[in-house]
Amino acid sequence: MFGGNTYIGYLHYIVILFIASGVFILYMDATVYKDGKMMRERKAALISAWLNLTLGVVVLLGSWVYTRFLW
């Protein structure tokens with residue numbers, strides 16, 4: 001109506017949750033499992049943490065590319 005893009009969505013919350021949960025898992029769970037000598041659990045925590053961080057960055061970059069070049 002006024003000529004501007006007024007997109008209201010939840011994509012930024014998803015990106016923040018992916019990145020925050022990845023960082024939280026890296027710092028909290030991985031260190032607790034390392035101190036407790038639970039290597040399989042630590043490996044699973046590291047995989048899920050890096051997966052969350054990667055998904056957060058991919059969604060953020062995908063959103064940026066979409067709004068910058070395709071919108």
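Where is the place of Leu-70? Leu-70 lies in helix H2, where helices are DSSP runs of H or I with at least four residues, numbered from the N terminus.

1. Basis of the note. This is a predicted model, in which local features need pLDDT of at least 70, side-chain atom pairs count only at pLDDT 80 or more, and totals for chains, interfaces and linings use all residues. Residues are numbered from 1 along each chain as its sequence is written, and side-chain values use heavy atoms, without hydrogens and water.

2. Helix H2. This helix covers residues 39-70, which are 32 residues. From first C-alpha to last it reaches 44 Å, close to the expected 46 Å (1.5 Å times one less than the number of residues).

3. Buried side of H2. Ala-45, Ala-49, Asn-52, Leu-53, Gly-56 and Ser-63 are buried (under 20% relative accessible area, with exposed over 50% and partly exposed in between, for a 1.4 Å probe and protein chains only). The buried residues of H2 pack against helix H1 (11-35), contact being heavy atoms within 4.5 Å.

4. Aromatic pairs. Rings of Phe, Tyr and Trp (its six-membered ring) pair if their centres lie within 6.5 Å; planes under 30 degrees apart count as stacked, over 60 as edge-to-face and the rest as tilted. The count by this rule is two aromatic pairs. Tyr-10 and Tyr-13 have ring centres 6.3 Å apart and planes at 40°, so this pair is tilted. Trp-64 and Phe-69 form an edge-to-face pair, with 5.8 Å between centres and 85° between planes.

5. Exposure. Tyr-10 and Tyr-13 are both exposed. Trp-64 is partly exposed at 47% relative accessibility, Phe-69 is exposed at 57%, and Leu-70 is exposed at 62%.

Conventions: Helices (H or I, at least four residues) and strands (E, at least two) are DSSP runs, numbered from the N terminus.
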